[in-house]
There are 2 protein chains.
Amino acid sequence: MAPKYKLTYFPIAGLAEQIRFLFSYGGIEFEDNRIDPASWPTLKSTTPVGQLPILEVDGKVLFQSIAINRYLGHILGLAGKTPLENCEIDAVADTITDLRFKFTVWHQQEEGPKKEELKEKLSNEVLPLYLGKFEQWATANGGYLALGRLTWVDIVAASIFEVFDKMFASKFQTQSLLNEYPTLQKLQSTVFNIPNIKAWIDKRPADKLQ
Amino acid sequence: MAPKYKLTYFPIAGLAEQIRFLFSYGGIEFEDNRIDPASWPTLKSTTPVGQLPILEVDGKVLFQSIAINRYLGHILGLAGKTPLENCEIDAVADTITDLRFKFTVWHQQEEGPKKEELKEKLSNEVLPLYLGKFEQWATANGGYLALGRLTWVDIVAASIFEVFDKMFASKFQTQSLLNEYPTLQKLQSTVFNIPNIKAWIDKRPADKLQ
């Protein structure tokens, strides 16, 4: 019997949307449990490290979004065939997380000159470096980020780049942080147009917190 | 024929020591290439994302330390047997990385009241939360962090906790951040006393940068 999946997160895309994309890609049913933010202080202490998302698989609680994405990637045939191939995928995933971390440090900084300085650095150094590398890898891999074929990290990247754009693009006076990266734009479009993912995007609930 | 491994990092423990531990555990020969920090500005642009460590496997360049640790874990029989088991290991590894990020934010902050505030938060909230969780998981898993047996994340944790202690413990007026966490101390001791790892610890070069 297929496992029963329950995904718990806030009523936004954030770090759960990649998981929702992967479930949709695989045509796997899951309970999309979007909590009322008012209930979070109570729920928080019941989670493994005080964070969401969590994914319950027949009641067993999985946590850490990238670990969950990798788990689904393996189940869905979107992982590598060897440890070496998986290392290539994983390195891209961890580099996306590094970029996310840099956004977070800036985002959480109090308004002031330090925050402006972090933003300048993001704009002039960090984003060109990271997005430039992703663009380079996608160009070298036939439009995908690793292994020359679709893997779970492409689906993660397509969704995370959308989240980055929703949260941050306007702060950088652009519609999309990917504007100067045509291969990444094409990768995102490729993922968004996978029929099962397109169907999810067409029906997904609107974010309530943004 | 066994692959040829070349690990490149600064002449310190840092984020390479976990890889050195795993090679040692497996009795796998590797070139331990410790660069002169003066050569880093030149070398930096030749690395995948301007970071070390990198691991060359028959010339193929792997990067991102946790991805490399996971790769070696799979090769050495220290991974899970199913995607679900691996997700449990990976979630612990990513939680260790989260803690490392929090140390980094504090460590990179300029001296001043904000840095003091971050240190207070680390001391009173972050460390008790994370180390408390690790202690709890180790207690629930027969002394290991996941799956009730030794996996690669135990070796990573034992080494990273040593690095945290070298870098940060004195700032928190303690000899070891694990002082109040007996199960984690025991886990670290268990890993350090695995004969192949003990042999590495006994012969490893002294850090040059600390």
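In this predicted model, six salt bridges are found by the rule across the interface of chain A and chain B. The two chains bury about 3000 Å² between them, and a rotation of 180 degrees superposes chain A on chain B. The points below cover the interface, the relation of the copies, and some backbone features in the loops.

**Polar and charged pairs across the interface**
- One salt bridge joins Glu110(A) to Lys114(B), with 4.0 Å between the closest N and O atoms.
- Ten residue pairs are in polar contact between chain A and chain B, counting pairs with both residues at pLDDT 80 or more.

**Make-up of the contact surface**
- On the chain A side, strand 4 (60-63), helix 3 (65-75), helix 4 (83-108) and helix 5 (113-140) each supply at least two residues that touch chain B.
- Helix 4 of chain A gives the largest share of that side, with twelve residues.
- By residue class, the side of chain A that touches chain B holds 19 nonpolar, six polar and nine charged residues.
- In terms of residue numbers, 34 residues of chain A are in contact with 33 residues of chain B.
- Of the area buried between chain A and chain B, 63% lies on carbon and sulfur atoms.

**Relation of the two copies**
- The superposition of chain A on chain B has an RMSD of 0.0 Å, and the shift along the rotation axis is 0.0 Å.
- The two copies are therefore related as by a two-fold rotation axis.
- Both copies use the same surface, since 97% of the contact residues of chain A recur in chain B.

**Cis peptide bonds**
- In chain A, the peptide bond from Leu52(A) to Pro53(A) is cis, with omega near 10 degrees.
- Pro53(A) lies in the loop between helix 2 (40-44) and strand 3 (54-57) of chain A.
- In chain B, Leu52(B) and Pro53(B) are joined by a cis peptide bond with omega of about 5 degrees.
- Pro53(B) sits in the loop between helix 2 (40-44) and strand 3 (54-57) of chain B.

**Positive phi in chain B**
- Asp58(B) is not a glycine, yet has a positive phi of about 50 degrees.
- Asp58(B) belongs to the loop between strand 3 and strand 4 (60-63) of chain B, and counts as exposed because its relative accessibility is 56%, over the 50% cut-off.
- Gln173(B), also not a glycine, has a positive phi of about 50 degrees.
- Gln173(B) is in the loop between helix 6 (152-168) and helix 7 (182-192) of chain B, and is exposed at a relative accessible area of 66%.

Terms used:
Residues are numbered from 1 along each chain as its sequence is written. Chains are lettered from A and ligands numbered from 1 in the order in which they are written. This is a predicted model: local features need pLDDT of at least 70, side-chain atom pairs count only at pLDDT 80 or more; totals for chains, interfaces and linings use all residues. Side-chain values use heavy atoms; hydrogens and water are left out. Copies are superposed by least squares on the C-alpha atoms of residues with pLDDT of at least 70 in both. Contact means heavy atoms within 4.5 Å. Buried area is the accessible area (1.4 Å probe) that two parts lose on being put together, summed over both. A salt bridge is a side-chain nitrogen of Lys or Arg within 4 Å of a carboxyl oxygen of Asp or Glu. A polar contact is a pair of N or O atoms within 3.5 Å; within protein, one must be able to donate a hydrogen and the other to accept it, and residues adjacent in sequence count only if both atoms are side-chain atoms. Helices (H or I, at least four residues) and strands (E, at least two) are DSSP runs, numbered from the N terminus. Ala, Val, Leu, Ile, Met, Phe, Trp, Tyr, Cys and Pro count as nonpolar, Asp, Glu, Lys and Arg as charged, and the others, Gly among them, as polar. Buried means under 20% relative accessible area, exposed over 50%, partly exposed in between (1.4 Å probe, protein chains only).
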